[in-house]
Amino acid sequence: MARPGYSDVILVTGFPSFLARKLSLYLLEQEPNALVYAIVRPKLAREAELTVQAWPSAVRDRFVMLEGDAASMDLGLPGAEFRTLSAEIHRMPHAAQVTYLGIDRHSAEQLNMGGANEIVELAKACSSLQCLVFHSTTEVAGDRTGIVREEELEAGQRFAHFVPETRARAEKIVRLSMSEVPIAVVRPATIVGDSQTGEIDRFDGPYLLILLIVTSPAEIAIPLPGRGDVPLQLVPVDYVVRAAHAIGRDRRSAGRTFHLVDPAPATARHAFELVAQASDRPPPRGFIPTNLTKALLRTPGLERFAKSPRAFVERLATPVVFDSHNTKELLADTGIVCPPFDSYVHPLVDYVRARARERRERREAPPPAAAPESSGSLDSGGLNGE
């Protein structure tokens, strides 16, 4: 049953994460007659409100935040709200996921696998569902090498960390229900910043080396970790958002999986040569063994930015190719293609430079002057805020 006044009703999970923010705003901008609901955990409500306040009023009016939890029974919603949603929803981008490697196993299992169970239960209860778009990752391939096809999941692979393992298990839960409800699984490669602005929410993964190159002295050439000849699979977040949106609107997507990857990825060496060039730094020279790389990436100043050196370094040493036949078929007539890394490396580097400079300025800024003891002014010495 469609809600009066709206052509589509869409539910987004994971808000206000970086991906969910981008997905929500893009949906609202591209579909002016759509109503978008978002599940927001109570502890993130203030952050979510500040995010939405920065949006144009024309889209804010069609965005409704619901207090809940994607990993809880019925998404943490009251029974009446759950029933209303199940009668109205047409599409569901499920972007609630744990990607941070510093989390504990129980929490990763609870959100990744528990969230998968709960979103499937809601999908089964929906009377007008057109597509549940489940956001997975190419990291579910684990340590596989060679060609990985979209329809493949379990192939005896092993995982260097339990977070990608729980995401693979979450995808398995969803795939088991593909015969009952319309589900499309999208597996983006490593997501980097917006190809136009460079914006990203946190510095990890490939940003480890970008940071190292950008912040190192201009005369020092940084060696590459591991092998420099493996393809470095990166995709900008705006491509992921556009592709996932198109896939979710295409009736042919149900029951299929889609690799969102660069069809002609640069090698690790060439990618970081481009980073060095954009940073006015010398290109990387040679390579260093993985164990030494991990020590290097713990350089003071970098560790505060970087949370996952081990996983990224090991990924650089894994020669793998992700087949994207399904993605090419569905996006063939949309004009949506993954841009080559060299077309957006400058915005990425500029964004990293700006954030690194802000952090340095905060660290170097002198503390505020103390108020004179004889002063009774509320405007002096920070007394106003007490």
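Residues 24 or more positions apart account for 82% of the contacts in the chain that have a separation of 6 or more. The model in which these contacts were counted is a predicted one, and its secondary structure comes to 13 helices and 13 strands. Of the 386 residues of the chain, 52% count as buried, while the accessible surface comes to about 17900 Å², with 51% of that area belonging to carbon and sulfur atoms.

The nonpolar interior was examined next. In soluble globular proteins, nonpolar side chains tend to be buried together. In the present model the largest nonpolar core has 72 residues, and those with the most contacts inside this core are Phe15, Phe63, Tyr207, Tyr239, Val275 and Phe341.

Charged side chains were then considered across the model. Side chains of opposite charge can pair when their charged atoms come close. A search of the whole structure finds 21 salt bridges. One of them joins the side chains of Asp194 and Lys22, with an N to O distance of 3.6 Å; because Asp194 lies in the loop between strand 8 (190–192) and helix 7 (207–215), whereas Lys22 lies in helix 1 (residues 18–30), the pair ties together parts that are 172 residues apart in sequence. Asp194 has a relative accessibility of 9% and therefore counts as buried.

Glu49 counts as partly exposed, because its relative accessibility is 35%. A further salt bridge is formed between the side chains of Asp201 and Arg202, at 3.8 Å from N to O. Both partners have intermediate accessibility values, so that Asp201, at 43%, counts as partly exposed, and Arg202, at 30%, likewise counts as partly exposed. Elsewhere, salt bridges that share partners join Asp8, Glu31, Arg91 and Arg249 into one network.

Asp238, which lies in helix 8 (residues 237–249), presents a contrasting case, since this residue is buried yet has no salt bridge. The nearest side chain of opposite charge belongs to Arg242 and is 6.0 Å away, a distance that is not within the 4 Å required for a salt bridge. With residues up to four places away in sequence left out, Asp238 touches Gly193, Asp194 and Ser195; among these neighbours is thus the buried Asp194, whose side chain meets that of Lys22 in a salt bridge.

Lys328, finally, is placed in helix 12 (residues 325–331). With a relative accessibility of 54%, Lys328 counts as exposed, because the threshold for this class is over 50%. The C-alpha atoms of Lys328 and Phe258 are separated by 8.9 Å, although the two residues are 70 residues apart along the chain.

Note on methods. Residues are numbered from 1 along each chain as its sequence is written. This is a predicted model: local features need pLDDT of at least 70, side-chain atom pairs count only at pLDDT 80 or more; totals for chains, interfaces and linings use all residues. Side-chain values use heavy atoms; hydrogens and water are left out. Helices (H or I, at least four residues) and strands (E, at least two) are DSSP runs, numbered from the N terminus. Buried means under 20% relative accessible area, exposed over 50%, partly exposed in between (1.4 Å probe, protein chains only). Lys and Arg count as positive and Asp and Glu as negative; His and the chain ends are not counted. Contact means heavy atoms within 4.5 Å. Accessible areas come from the Shrake-Rupley method with a 1.4 Å probe; for residues, only the protein chains shown count as cover. A nonpolar core is a set of buried Ala, Val, Leu, Ile, Met, Phe, Trp, Tyr and Cys residues joined through side-chain atoms within 4.5 Å.
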